[in-house]
Each structure stands twice: as structure tokens, then as C-alpha cells.
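Hi everyone, thanks for coming. Let me put the model up on the screen, and then we'll walk through a few spots together.

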Amino acid sequence: MSIVVTGATGELGRLVIEGLLATVPANGIAAVVRNKEKGAALAARGVELRIADYDRAETLADAFRAGDRVLLISGSEVGKRVPQHTAVIEAARAAGVAQLAYTGVLGGPDADFELAAEHKVTERLILDSGLPYTFLRNGWYTENYTANLAPVLEHGAVVANAGEGRVASATRADYAAAAAAVLTGEGHLGRSYELSGDTAWSFAEYAAEVSKASGREIAYNDVPAAVHQEILVGAGLPEGFAAILVDVDEAIARGLLAGTTGDLARLIGRPTTPMAATVAVAAA
């Protein structure tokens, strides 16, 4: 039996592997990667590489073994995830894995925004498969905002169409630690965890933290959805992706990413990383 992480060289996958290596021998971990070159650093540390591609179902036949505990990290390509995830689920079922954990979205079946649609379908596919499952319904990553502070600092404004909505974000490292805990612990089968930060913040509060950390005056400009769409497209984002981000902001305005269940802190055994701490590092 191995603990298997798909998408192991992605931003979240790398952090999950690091968390596992802190408590699990390297030879008990398998990383599903698209090519050996991307996984070379993991292989050098003793992690087993299993070469497979979400888009090529036939390559997944050897990705899993009976009794494996598997983390399916959702694909990053919106619009392609259902067939990709279907291929993984079918391969996991054929292999007879002992656990399939899946990184979905906060709210699960109650999330009504566009970005949640493929996650909801995937959860249903997993339930229908009969596999022992754990749903890790991740909230928003703080890094979704702090990783791209350049335009905020350049224009002196955080721009969104989220109104006074709040976001209970956490860092990727927080979510990765939760995944590692579920993969190595007991009592998680058949459970759904609503994962989010301990404190929900507003965009006005976020702008104030960026001001404090950068020493510049940063405002929060709440704009209509159509205006935000134009701004994002004008900045070079594809129209479809810009529309998804605008739709997420509307969900934030409705309070759908503000939930603070405490599930994440309980799984990782510590408080989640405050938004201000992540901003302080990113804006320094």
C-alpha cells in the first residue's frame, strides 16, 4: 500500500508531498506525474514515480494499486476536469484503492457558482463509484490574491465586484497539511470537510493590509460585474476566465466563501495562517 498523490508536481501537490515526507517514509509515497523529468526531484528523495496523464486514460491503468490511499487533486483546466477526473476515478475503482480523497470546493453541492460545477459532478461520480472517499472541500487560497500584487501596487487599488462580501481564505500550505493529515490518519472515510480559514476578511480589510505591508495607499474599488469583466479582459485575461473570476466575486458577495467551520484548523492541529501574514510576506 502506498499513499498516492496525483498532480504531484503542481503547487498544491508539491506541498502535500512535503507534508507526507515529514511523517511517512519516502518509499511509502507515490507521485503521479506526467513525465519523469518533472518528478526527478521527488524521485531523488526516494518517492516512487508513477507516470500518467489525466488526459490519457490508458496511462492511468498502472497509476494505482489495491489498498492505496489516493489524493485526486482536481485538474487546473476548467472545462476539461470532468473527463479527466472520470478517468482517474475509473482507474482507482479498477485497482481497488482503499481511499480516494478529492480536493473540491467549499460548499460542495450547495456551491452555485460556475467554478463549482465540475467539482459537484466529480463528487457525484465518486459517490456513484462506491469507492471509500473523503471530500476535501477547499475554500479560497489567500495566494489567489497575494501571488499577483504587482497590478494592485501599480494602480493603488484592489478591484473586485464582491461588495462587502468576505473571504475565509487559507494558504495552500494549510490545505496541503489537511490533505496529508487525511491521507495518513484514520476515521476520515465517508466524510466531507468544509475547509476554510479561521477568519473571514473583506476586500476593504485586504486593501488595508496591503497598504500596511507595502507602505502605499491602497484603496478597494468595488465595481459592477460588467466593469470588472472589462478590466480583466483589458489586462489580458481570456474572456471566459475573466467571466469565471467575476462570477466568483458575485458568489463572495452572496457569502458563499465566508464560512468558518473550523474543519481546517482541526485537521491540521493549529490555527490557519492569517491573511495579514501572507500579505506581509508578499508585499515586502
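Let's start with Lys80 and Asp55, whose side chains meet in a salt bridge at 3.5 Å, N to O; by that term I mean a side-chain nitrogen of Lys or Arg within 4 Å of a carboxyl oxygen of Asp or Glu. Lys80 is in the loop between β4 and α3 (81–95) and Asp55 in the loop between β3 and β4, so this pair ties together parts that are 25 residues apart in sequence. Helices here are DSSP runs of H or I with at least four residues, strands are runs of E with at least two, and both are numbered from the N terminus. Lys80 has a relative accessible area of 34% and Asp55 one of 42%. Both count as partly exposed, the class between buried (under 20%) and exposed (over 50%), with a 1.4 Å probe and protein chains only.

A word on what you're seeing: this is a predicted model, where local features need pLDDT of at least 70 and side-chain atom pairs count only at 80 or more, while totals for chains, interfaces and linings use all residues. Residues are numbered from 1 along each chain as its sequence is written, and side-chain values use heavy atoms, leaving out hydrogens and water.

How many salt bridges does the structure hold? There are 17. In one of them, Arg254 meets Asp112 at 2.6 Å, N to O. Arg254 sits in the loop between α10 (239–253) and α11 (263–268), and Asp112 in the loop between β5 (99–105) and α4 (117–129), so parts 142 residues apart in sequence are tied together. Arg254 is partly exposed, at 44% relative accessibility.

Now look at Arg65, which pairs with Glu48, their closest N and O atoms being 3.8 Å apart. Arg65 is in the loop between β3 (48–51) and β4 (69–72), and Glu48 is in strand β3, 17 residues apart. Arg65 is partly exposed at 35%, and so is Glu48 at 29%. Shared partners join Glu48, Arg50, Arg65 and Asp68 into one network of salt bridges.

Last stop, the surface: Val159, Val227 and Ile231 form a nonpolar patch with about 190 Å² of accessible area together. Areas come from Shrake-Rupley with a 1.4 Å probe, and for residues only the protein chains shown count as cover. Patch members have over 30% relative accessible area and no salt bridge; like charges are joined within 9 Å, and nonpolar side chains (Val, Leu, Ile, Met, Phe, Trp, Tyr) within 5 Å. Ile231 belongs to helix α9 (residues 225–234) and is partly exposed at 39%.
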